[in-house]
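Student: I've got a structure to go through and I'm new at this. Can we walk through it together?

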Amino acid sequence: MQEQSKKAVVSSRAKKKKPSKAWKVIKRLISVLLTTILSIFLIAIITGTIVATATTVYVLDFMKDASSITLEEMELSYNTNVYGTDVDGNLVTLYQVNNEVQRIPVHIEDIPQHVLDAFVYTEDERFYTHDGVDYKNTIAACVNLVLHFWDSERGGSTITQQLIKNVTGDDEESPSRKIREIFRAMTLEKNYSKQKIIETYLNYIGFGGSANGIEMAAIKYFGKNVGDLTVAEAAVLAAIPQSPETINPFAYYIDDETGEKVLSGRKRNRERQEYVLWQMYDHGALTYDEYQEALNERLVFTDMTEYKLAHPVAKEVDDDKAVMSWTVETALREVQEYLMETYAISKEEALHRINTGGYQIYTTIDPVMQEYVEEKYLDLSNLINTKNSARYQNDTNEDGVIDYNDEPVYPQSAFIAMDYEGRVLACVGAIGEKTDSLVMNYATMETRQPGSTIKPVAGYGFGIFSDQFHWGSKIRDYGLTMPDGSLWPHNYSSNSTSLNYSGGDLYMYYGLMKSLNTISARLVDALTPEAVYTYSTEKMGLKLTEVDGQGNSDIDLSPLSVGALTYGVTVKNMVNAYVPYGNGGVYYKAHVVSRLEQGNHELVYDGDGKPHDVIDPETAYVMNRMMKNVVSPNGTAGAAQLSNKEVVGKTGTTQEWGDLWFIGLTEDFVSGVWIGYPKREMLDTSINSAKMWYNIIGEYANNIESEASYPVCETVIEAPMCTNTGQIAGQYCPKGETGYWKSTNAPYCDSCTAPKVRYNNNSSSSNRSSNSSSSSSSSNSSSNSSSSGGITLNGGNSGGVSVGGGGGSSGRITLN
């Protein structure tokens with residue numbers, strides 16, 4: 001039994017150890033399946049990881065591109081415009097420096113709501129609710145491309161996406177471009193407000209031809225600003241962006257058979273305008289009555305006869321050939337100089353930035369004064385007598401000889417005026433009508449020798465400022481001895497070979513009044529050229545030459561005392577240097593640009609003249625009063641006197657009458673005039689520069705009604721000057737001109753003593769005895785008497801003040 005049982009167990013185990021063939025197959029299939037599934041899963045994970053990584057890199061690349069998009073890029077492509085004011089003070093556009101396209105930016109506040117509605121409800125009805133992408137519209141547009149459920153008016157791009165396309169210029173027809181655009185639009189919406197986006201969009205989009213931006217379109221098609229557009233006119237403009245070159249109202253084609261223009265845009269624009277108005281009505285922006293009124297409004301376009309008859313002097317907006325005025329040129333050159341200095345770039349690069357940078361340039365020019373001066377400068381005879389001014393410098397008839405048969409050359413002249421905060425009020429750069437742009441401006445570009453106009457802003461000014469000299473300082477009228485033994489300089493005279501020295505000591509104020517070169521030279525010599533140069537350049541703003549490549553320098557006697565500069569100065573620079581003498585000592589840099597903006601009114605700089613105190617008010621007032629004597633019957637500029645204004649200033653004449661100047665100040669403004677030949681030559685010696693200034697601006701200045709005045713410095717001492725010492729006159733001093741002294745340098749004369757007293761013996765011996773003490777006093781006074789006269793003790797009935805006892809015929813004191 002046991003053996004049988006064991007055999008049964010063995011047999012049973014043997015059976016279990018031997019699997020069936022079916023099981024083997026199933027097992028193998030399961031193993032393969034599981035291995036396959038696992039492999040597929042692992043491959044999917046790896047592939048997914050790779051795809052996810054690639055997608056991430058791809059998306060990050062798009063996001064990187066998207067983060068670099070800014071609206072400022074668009075604003076830089078606006079036109080550069082120069083603005084001024086009209087006679088009523090209203091802002092007007094003086095000139096437009098055209099970019100490749102034309103646009104005038106406007107603020108969102110200046111765009112009416114119905115204009116915004118017209119564009120939003122036509123181009124992007126969910127603009128105010130989406131995040132840059134309208135997915136519903138995008139999907140619908142994609143389906144429409146295949147199935148054509150809707151007409152072509154349905155598009156997928158939002159206003160933000162359209163703006164992106166304009167910013168980047170990326171209009172490739174591909175999925176990748178669309179993905180880039182979506183990311184960029186979303187990024188733009190995060191960085192900018194809806195108001196900023198719609199504002200930039202309307203300022204940038206094209207409206208046909210060279211007109212871009214809503215303001216330019218309004219001017220081009222309706223001759224009005226965007227703020228004045230009606231609902232119907234706004235709809236006309238909102239219809240254009242779908243196809244600017246074919247739907248704009250002026251679009252046309254040339255008939256192949258007749259060769260004539262066929263206006264096609266007007267009809268197509270009308271159809272699209274009706275759609276715009278319906279969209280506005282459908283979205284509640286218009287009532288039914290407003291909708292009907294806009295549909296039936298009669299439109300008047302600028303190309304219609306009706307408009308042209310009503311606006312006979314309307315200016316074409318795309319006229320880029322207009323001659324620049326003196327104002328515009330001066331402003332553009334000032335901006336050019338600013339860009340060169342700020343960014344260390346060349347003239348050419350600065351000009352390129354002006355042409356392409358979308359600057360808004362606001363000017364300081366007074367339109368009335370500018371027109372007045374320009375009228376004077378139309379003909380040289382308005383300034384001077386031209387009888388003896390013709391010169392023959394060029395062989396114009398090409399006969400090999402330069403003589404009177406050639407075309408004569410006449411002097412050129414320039415004028416500039418600015419207020420006491422450096423704002424340029426008028427600027428004319430040459431004689432005659434301005435017929436070309438970017439011509440020579442002798443007021444701002446040409447450097448000439450200033451002659452004696454340098455004296456107040458050099459030796460005289462520094463002498464007063466440093467307290468080393470005062471109003472009545474005595475200075476010898478005699479030339480300095482040069483290293484070669486000669487005397488220099490000589491004073492002006494009709495005979496240029498005459499030294500014209502008095503040899504005596506003259507007062508400082510008198511030296512300026514008579515423009516004596518010797519006095520100026522001795523001032524600079526005593527003060528040192530180095531110190532005077534520092535005053536002229538750092539205080540008064542003159543652009544002088546420290547040293548050039550050839551070793552020439554303005555730090556010397558001749559340049560600083562008589563204006564014989566290495567290269568000279570411009571009229572603008574010289575007039576600017578006088579500003580502190582009219583406003584109490586503050587320097588403002590001369591500027592014709594009051595404000596510079598870029599793009600959509602981003603401030604670049606505010607032209608305030610960078611005011612800073614350069615001299616004390618006392619120095620400014622003393623110099624002002626000293627120059628008043630110049631403009632007097634005894635001064636060199638008596639011809640500049642006005643009846644209603646107090647003119648102070650200085651004349652200037654260079655060697656051999658090569659240049660004539662006058663810088664004149666009134667209570668309202670400071671101005672200067674220069675005259676000379678382009679090729680240096682002797683002027684007619686009968687020309688009076690002060691009279692020329694009067695002929696140009698005198699009458700205008702005299703008729704200005706204002707309460708302006710020179711700032712009086714109360715601490716300056718105004719008193720008679722002692723004619724003996726040049727100091728402030730005392731009780732016994734002979735008194736001459738009224739002088740002005742700084743409180744820090746106000747010497748009172750103590751040299752002149754009481755005048756001598758003489759006793760006349762016309763009374764009895766008793767009277768003589770009773771006045772013996774007085775006689776003794778008189779004797780002492782007589783020994784100290786001045787030759788200028790004195791107090792005499794007279795007897796008899798002469799009038800006077802009694803100094804003795806008794807009456808009747810007693811002695812009296814009389815001032816002789």
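Predicted model: local features only at pLDDT ≥ 70, side-chain atom pairs only at ≥ 80, totals over all residues.

Student: OK. How many helices and strands are in the protein chain?

Tutor: There are 28 helices and 23 strands. Both are DSSP runs numbered from the N terminus: helices are H or I with at least four residues, strands are E with at least two.

Student: And what share of the residues is buried?

Tutor: Of the 816 residues in the protein chain, 46% are buried. Buried means under 20% relative accessible area, exposed means over 50%, and partly exposed is in between, with a 1.4 Å probe and protein chains only.

Student: What about contacts between residues at least 6 apart in sequence?

Tutor: Of those contacts in the protein chain, 65% join residues at least 24 apart. Contact means heavy atoms within 4.5 Å.

Student: Switching to rings. How many aromatic pairs are there?

Tutor: The structure holds 23. Rings of Phe, Tyr and Trp (its six-membered ring) pair if their centres lie within 6.5 Å; planes under 30 degrees apart are stacked, over 60 edge-to-face, and the rest tilted.

Student: So why is the pair of Phe250 and Phe301 edge-to-face?

Tutor: The planes of Phe250 and Phe301 are at 70°, so the pair is edge-to-face. Their ring centres are 6.4 Å apart.

Student: Where do these two sit in the chain?

Tutor: Phe250 is in the loop between helix 11 (244-247) and strand 3 (252-254). Phe301 is in the loop between helix 13 (288-296) and helix 14 (305-310).

Student: Is Phe301 buried or exposed?

Tutor: Phe301 counts as buried, at 4% relative accessibility. Phe250 also counts as buried, at 19%.

Student: What kind of pair do Tyr478 and Tyr501 make?

Tutor: A tilted one, because their planes are at 55°. The ring centres of Tyr478 and Tyr501 are 5.2 Å apart. This pair ties together parts that are 23 residues apart in sequence.

Student: Which of these loops holds Tyr478?

Tutor: Tyr478 lies in the loop between strand 8 (474-476) and strand 9 (480-481). Tyr478 is partly exposed, at 27% relative accessible area. Tyr501 counts as buried, at 19% relative accessibility.

Student: Which residue lies over the face of Tyr478?

Tutor: Arg476 does, at 4.3 Å from the ring centre. A charge sits over a ring if NZ of Lys or CZ of Arg is within 6 Å of the ring centre and within 35 degrees of the ring normal. Lys194 lies over the face of Phe127, at 4.6 Å from the ring centre.

Student: Now strands. How many residues of strand 17 are buried?

Tutor: In strand 17 (residues 659-665), 7 of its 7 residues are buried. In a regular strand the side chains alternate between the two faces of the sheet. Here both faces are covered: Asp659, Trp661, Ile663 and Leu665 are on one side, with Leu660, Phe662 and Gly664 on the other.

Student: Which way does strand 16 run against strand 17?

Tutor: Strand 16 (residues 648-653) and strand 17 run antiparallel, joined by 6 bridges. Two strands pair if DSSP finds at least two bridges between them. Thr651 has Phe662 in strand 17 as its bridge partner.

Student: And strand 18?

Tutor: Strand 18 (residues 670-676) is antiparallel to strand 17, with 7 bridges. The two form a hairpin with 4 residues between them. Leu665 has Val670 in strand 18 as its bridge partner.

Student: Cysteines next. How many disulfides are there?

Tutor: The count is 0. A disulfide is a pair of cysteine sulfur atoms within 2.5 Å.

Student: How far is Cys722 from the nearest cysteine sulfur?

Tutor: That sulfur belongs to Cys733 and is 3.7 Å away. Cys722 is buried, at 0% relative accessible area. The sulfur of Cys733 is 3.4 Å from its closest cysteine sulfur, in Cys749, too far for a bond.

Student: Last one. Where is Lys572?

Tutor: Lys572 is in helix 23 (residues 571-577). Lys572 counts as buried, at 17% relative accessibility. Leaving aside neighbours within four places in sequence, its contacts include Glu334, Ile416 and Met418.

Terms used: Residues numbered from 1 in each chain as written. Heavy atoms only, no water.
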